[in-house]
Amino acid sequence: MKGIVIFLILLHNVCGVKDYLFKDCDNSGFCQRNRLYAKNIAENESPYAVSQPSLVVSNTAQNSLTGVITKSIPQLDETRQFPFEISILEGSILRFKADEMRPETSGGMIRGNRYNEAAKWAFQDPDVPYESKYPVNVESTDQLVTISFGPNDTKAEFDVKDMTIKIYYKGQLQLVVNERNFFNIEHYRKRDENDKHLLPFESDFDSFKDSHNTASEDSIPLGPESIGLDFTFAGYKHVYGIPEHADSMSLKDTSESNWPYRLFNVDIFEYDTDSRMPMYGSIPLMLATKPKMSTAVFWLNAADTFIDIHKSNDVKTHWISENGVMDFLVILGETPAEINSKYGRLTGYAPLPPMFSLGYHQCRWNYNDEKDVLDITSKMDETLVPYDTIWLDVEYADAKKYFTWDIDAFPDPERMLKALDRTGRNLVLIIDPHLKVGYYVSDEVRKRDLAMKNSKNETFHGHCWPGESVWIDTFNPGSQEYWDSLFVRSETNKVMGGMSTNIYVWNDMNEPSVFDGPETSAPRDNIFYDGWEHRSVHNIYGLTFHEATFESLTKRLESSTRQRPFILTRSFYAGSQRTSAMWTGDNMAKWEYLEASIPMVLSSGIAGMPFAGADVGGFFGNPSKELLTRWYQTGIWYPFFRAHAHIDSRRREPWVPGEPFTSIIRDAIRLRYALLPTFYTCFYDSSQSGLPVMKPIFYECPHNVDAYEIDDQFFLGNSGLMVKPVTSEGATSVDVYLPDNEVYYEFTSGVPGKAYKGPKTVDLDVELADIPMFLKGGSIVARKDRYRRSTKLMQNDPYTLVVAFDNQGKATGKLHIDDGESYGYKEGQEINLQFYADSKGITAQFETVPDPTYVKAMQKIKIEKIILLGHGNDDQALVTQGEKSWQVQIVDGEIRNAGMSVAAEWKIKFATKLTHDEL
Ligand code: NOJ
């Protein structure tokens, strides 16, 4: 056994992805069975029917239609019943839920009913409001129940005989549920009776056993329990979302492959690109877009899930999950952004992160000791590279026992934290859910009965970084209290830096990753709190863990000024965006991984998780100097911007490659810092609307079908900044698509250039130092141009505005300002400026009323410079703020020394030569 474990650990360290460790559809029992069912149902009669007498129609959003679906098992002369309900949630979201009335339950240690608590974790408010804005009207005839429930003639037609639901908007069909009759719920049966329960065209493959090489010990106590259903996105050609996959943004047809897109959180080391294999996180939200309309399906299930996609004139999809209730939501909107907004109201928007977390994060496995950490900091300063956070990977802890320190390497963590704090720097510590056996934390977890259990309901033991470990069960409410006690901010809690407030957390391996477990995770028949099988809750475990950490950090920081926690998680689920940032795990230092990182981050944003990034430089291997440079130039656009490297890789901090690379990397990082006011404003927007921060091109012009597949360029939120990073080796030119009928100003590496008129493709020459960027006409973005060591030290710096006039000579923009660390902005300690510009001048107005004390404190912060792109020949302007007016010069399209405070409204009037009267 020991030998096997060592082998597995070594394997984990050195080898590429091992396909045979992970199940494709052919060797996953429930997937294979449902695909076969789908294949055969066309020539067979469905055993499912809606029981007409059971239908109860009600004109309320809460339960518009309830009833029972029956399944007949002719050979036994039996039927099974699946009560269902259709309700309408706020945002005109249709929800369908069907459960199984089980004649008996397995009893014993696990719950016998189907898992029905995914919503508890995914939704922001488990008591999600029902639709109240639009009346719900239900009409029924013999065969058809019509539910009208939203604006513009939104309606669902439930065909009782065919068991289909057709959803219309503005009289146009958008979605058909069960068009292909794939609706299937494998009903409960006992092991020895399985044969009798099978329909003639069904298979019993792996119903009560698992023949996959890693999972043969699965006891599958409840037998086959899967659910399957098809959705046809009518008239759509493209679907997106369902992260996490290392794939294109527009999802691919999977009908000819044994790899449908799979959602099952796994530690997939050295994953392949162009792959539908499962990865670390899962968000079962799929978005379809066509001109003037978007439709999304949110499949609320936490078990292993496969999604088949077939593209024709419609996009036909087949969703298959291993177990759980059948619970899905349909979200409609005229634009993809509207879907994000509605989905975000349901599952929560990503909150505004602390400003430091938008700065540059320096990580590697590992920075070895206190001296190493402080040397990195000094070297950053010597080479004039701004950075905010240094990260410590597993080696900081004594024998990888979290909440301890390797005391030889880090004799005084508090001293180190203080030294970092002097220049506004922060520390992030890794804390994983596996706890080495035999030390105070794992002992206490066992004592309090907070560990994940095996199928015999005994504490589960498995292997991970520290060797033999137990896993904290963060489904258990009791875990929170204990977790909190470990993070408490007090003089005596030395392991978390005493009273320090510049310490944050990285939750890794929370799929959970178990080196010697099936598919690198815990056995599916393990048991979590309240008797739920691991199989039922698998994709949610990671979320429960980072949410527990978020709660604990919140409590820790409560009484400080730095109240907003920062957590990075590897595993995630729908709703994770409320408490954590994510990154795309263990990529490789190869060009194709750099390229793949952009669609991966875009997909994450589409699925409501905007705070995302990839390891800059590539985790495994050693990037060439060119690749490293190009990766920084791309990484500055990831909403979460962190360099990270494997323990076996060579050092590669910005100064390592030498000139000209170091200067180019430094300039890229500085560009990120200069644009932080714009990034922060985009994050603020996102926290109000769910809008992706790295925004797909088709969000900007949702009616332009030519933009639907572009996933190598993107916008920075609604700022108007559009970027196409160079992601290929030796590139000397790139094609950039200007997606709409507007003027675009070339803005390579942040320097204004030529204006082009879209829509068209522009061929730009590029050198190593170039980051191809454009600023769309009509936008105004804010920068802070002075170099500082960290975001904290930039707080009082003046702003520069870049105004890019559109075809009509107008521009608008926004700027959100607050202290970057507290929740004061929720009580008015914020400035939200809205800028408008036209040929006559520029105005800045408050969008929200700021708190007067905050205004006073911010009075001294100035807008020093305004850069005008596409403006006429005026050479002077008159600035008015409050009682004061002053004249400024426009030189080479720039107002230098503008001099307005950001804390009050102002006006600028352009003129060619101001007359005395105008002054
Ligand atoms: C796996 C993570 O993906 C990686 O980023 C980290 O360095 C290692 N675990 C070690 O903690």
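1. A salt bridge here is a side-chain nitrogen of Lys or Arg within 4 Å of a carboxyl oxygen of Asp or Glu. By this rule the count comes to 63 salt bridges. Side chains of opposite charge can pair when their charged atoms come close.

2. Some ground rules come next. The model is predicted, so local features need pLDDT of at least 70 and side-chain atom pairs count only at pLDDT 80 or more, while totals for chains, interfaces and linings use all residues. Residues are numbered from 1 along each chain as its sequence is written, and side-chain values use heavy atoms, with hydrogens and water left out.

3. Start with Arg570. Arg570 forms a salt bridge with Asp267, with the closest N and O atoms 3.3 Å apart. This pair links distant parts of the chain, 303 residues apart. Arg570 sits in the loop between β29 (567-569) and β30 (581-583). Asp267 sits in the loop between β14 (261-263) and β15 (285-290). Helices (H or I, at least four residues) and strands (E, at least two) are DSSP runs, numbered from the N terminus. Both Arg570 and Asp267 are buried. Buried means under 20% relative accessible area, exposed over 50%, and partly exposed in between (1.4 Å probe, protein chains only).

4. Now the ligand. There are 13 residues around the ligand, and Asp393, Asp508, Arg570, Asp586 and His644 come nearest. A residue is near a molecule or strand if one of its heavy atoms lies within 4 Å of it. The shell divides into eight nonpolar, one polar and four charged residues. In this scheme Ala, Val, Leu, Ile, Met, Phe, Trp, Tyr, Cys and Pro count as nonpolar, Asp, Glu, Lys and Arg as charged, and the others, Gly among them, as polar.

5. Asp508 places a polar side-chain atom 2.7 Å from a nitrogen atom of the ligand. For Arg570, a polar side-chain atom lies 2.9 Å from a ligand oxygen atom. His644 has a side-chain N or O atom 2.9 Å from an oxygen atom of the ligand. Taken alone the ligand exposes 290 Å², and the protein buries 100% of that. Accessible areas come from the Shrake-Rupley method with a 1.4 Å probe; for residues, only the protein chains shown count as cover.

6. Two further salt bridges deserve a look. Lys371 pairs with Asp375, the closest N and O atoms being 2.8 Å apart. Both lie in helix α6 (residues 370-382), and because they are four residues apart there, about one helical turn separates them. Lys371 is exposed at 57% relative accessibility, and Asp375 is partly exposed at 36%. Asp449 and Lys453 also meet in a salt bridge (2.8 Å, N to O). Asp449 is partly exposed at 45%, whereas Lys453 is buried at 13%. Elsewhere, salt bridges that share partners join Asp218, Arg262, Asp304, Glu322, Glu519, Arg524, Glu533 and Arg535 into one network.

7. Finally, helix α5 (residues 336-347) holds Asn340. Asn340 counts as buried because its relative accessibility is 3%. A polar atom of the Asn340 side chain lies 3.3 Å from the backbone oxygen of Ile606. The backbone oxygen of Gly690 is likewise 3.3 Å from a polar atom of that side chain. Thr347 lies in helix α5 too, and Thr347 is buried at 0%.

Methods: Polar contact = N/O pair within 3.5 Å; in protein donor to acceptor, adjacent residues only side chain to side chain.
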